[in-house]
Amino acid sequence: MRRIQQLPALVVNQIAAGEVIERPASVVKELLENAVDAGSRRIEVEIEQGGIDLIRVVDDGCGIVAEDLPLAFASHATSKLTSADDLFHIETLGFRGEALASIGGVAQVTLQSRPPEETYGAQITCHGGQLGEVRPWNGSSGTRVEVRHLFYNTPVRRKFLRTPATEMGHISEVFTRLALAHARSTFERDGARSCRATGLHLTLRHNHKTVYDLPASMALLERIAVLFGPDVSKQLYAIQAHQGPATLTGYIADPACERGTSRMQYLFVNGRWVRDRTLGHAVQEAYRGLLMTGRYAVAFLFLDLPPDQVDVNVHPTKAEVRFRDSPALHHLVFSTIRQRLRTENLTARLQLPSTIKPTETLGTPSPTAASFDSAPWALAPPPASEHGPALPFASPQPPTQPMPGEITPQPAPLPQLTAAHPPTKIIQLYDAYLVVETEEGMLVIDQHALHERILFEQIKRRMQSGPLETQPLLVPEPIELTAEQAARTLEHREALAELGLGIEDFGGGTILLTSYPALLGRRSPQEILRAVVDHLISREQPPSREVLFNDLMSLMACHSAVRAGERLTPEQMTALVEQRHLADDTHHCPHGRPTALLFSRHELERQFRRV
Ligand code: ADP
Ligand code: MG
């Protein structure tokens, strides 16, 4: 029988590292947080090869005295709390005393530090948990941590690392979160921690090139513009509200700025980036009726609370917290955003598919939602000229009115639509459904679902004979993404090229759209690419090739198809109905919804007691 034994410190550290140090970005997060906790004004991050080779964080904070250097690498050693009571009044980002021990266990670390009041500093190394000697160091005041060859002694974990570009993307995201949390704020914040009244000067460099240089004087909105592009920053509305001891400030985006994932909903609680399901739900609830199902609002929210109102000790990387009064905060977030959107009077500009009723309940109803249900969220249809005069359907022969005496070739009679009464009688209802008279009965078609299916089939068929034909863009269109999103998108460059989407790296999170599938020329190619990008970055695991292509084809079809809410001309209606027979399975859209319902003639007659 095996005996129980205490694990050696090294193994303990590696287990802890498994929790907090997943990839280079986790190291960067921990080092940045330590620098912030040290009261730094300026922090520089230098990365080589996506952090796999080198991560260096230099700050000008309080430093560590020479005698404490070995303790910095000891597990559960911290200067940030002394008793269990302190756990409920945490005002620092760190407190577990585990990060440096974990990093030191799985990399080659050099820690150099000099408190400003000391004449000399000192340094120490920790290679795979082996501490070196404390030696003098003659550097400027503050702390400098260098982490080389992450996971060099744990080959299995090293194998999990992705390409340097992808790892750099994750680092960039970590940096972005911290930069947002520590931007100069123009909001008045009662009782908010002073570190956010002035910003932190933050620099990120990768392979000796500056990725971001964010001066302390740069206000939050300017930082958002630098980090996410003017597309986002120009569509933001400031919010500010108080409720009891809680203050909510930040920016919310116009619904037009929607995304396919919730990753652009940034939430900071007392200067710490967190994920929170309840508050995420509050944001979505506030936008209810303004966004399609599956689309997410963009928001930058800063919640400031007394530290005893929030428990940060529930998650090893502190990405989740527990609120003492979660329903109250849900209400604060929901009502503040809803109110703000209402004052913007977005109704006139919005276009919403009529399949989603503004009062329809999506998810758990919030206690206050009912009071807004009577709000005037009625939505105006888009102007008729919005998509130009072009016919929306790639019809080989746009139907024209026959001249008297001229013989026009008629499309072959469709099995479902016998040409008994040409031209087929079609009417459009609610700008969303086409009602067609057929031999069997009355066919009600969902215009979006059918068009989507037809496009999907067309794309699929053309793909079988090689890459899709592309339409080059004379002037490539820049698409602003975060560096992480750009990296993850560029990984799929070849697959996208086969689908007709040509992209190129423009650097700094921008990719250039150089061509788009000729088949889908109807809607803005950027919009299609955006949807594709949202899809790619929302997946944790890279999908198989087959799944990827299927997903992207259906996504492109969905985004190019005519929408519910679009008024069609009689010619467009005819073209759409006539293309029904071109697709193999026109009964369902690629998502499995039916494209048409038949009310049989017999059934009508039966109901009216004619038979
Ligand atoms: P924690 O941050 O949870 O306390 P860490 O392992 O990250 O644990 O750091 C251990 C200790 O090392 C900290 O409590 C702090 O005293 C010291 N330390 C780490 N980084 C810095 C830094 N950049 N400046 C000053 N002190 C630091
Ligand atoms: Mg720490």
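1. Two strands count as paired if DSSP finds at least two bridges between them. Strands (E, at least two residues) and helices (H or I, at least four) are DSSP runs, numbered from the N terminus. By that rule, strand β19 (residues 441-446) and β23 run antiparallel and are joined by five bridges. Within this pair, valine 444 has leucine 597 of β23 as its bridge partner.

2. The model is predicted: local features need pLDDT of at least 70, side-chain atom pairs count only at pLDDT 80 or more, and totals for chains, interfaces and linings use all residues. Residues are numbered from 1 along each chain as its sequence is written, chains are lettered from A and ligands numbered from 1 in the order in which they are written, and side-chain values use heavy atoms, with hydrogens and water left out.

3. The β19-β23 pair belongs to an open sheet of four strands, ordered β17-β18-β19-β23, with antiparallel pairing. At its edges are β17 (426-429) and β23 (596-600), each of which pairs on one side only. From one strand to the next, the twist averages 20°. Axes here are lines fitted to C-alpha atoms, for helices over the stretch in contact, and angles run from 0 to 180 degrees between N-to-C directions.

4. Helix α11 (residues 447-464) packs on this sheet, touching β17, β18 (433-437) and β19, and its direction makes about 75° with that of β19. Helix α16 (residues 570-578) also touches β17, β18 and β19, at about 105° to the direction of β17. Contact means heavy atoms within 4.5 Å.

5. Another open sheet has five strands in the order β10-β11-β14-β12-β13, and its pairing is mixed. β10 (236-243) and β13 (272-274) stand at the edges with a single partner strand each, so one side of each has no neighbour in the sheet. The twist from one strand to the next averages 20°.

6. β10 and β11 (residues 246-253) run antiparallel and are joined by eight bridges. Alanine 241 lies opposite leucine 248 in β11. Helix α10 (residues 326-343) lies across β10, β11 and β14 (299-304), running at about 140° to β10.

7. Helices α2 (residues 24-37) and α6 (residues 164-181) have axes that come within 8 Å and cross at roughly 25°. That makes α2 roughly parallel to α6; the cut-offs are under 35 degrees for roughly parallel, over 145 for roughly antiparallel, 65 to 115 for roughly perpendicular, and oblique for the rest.
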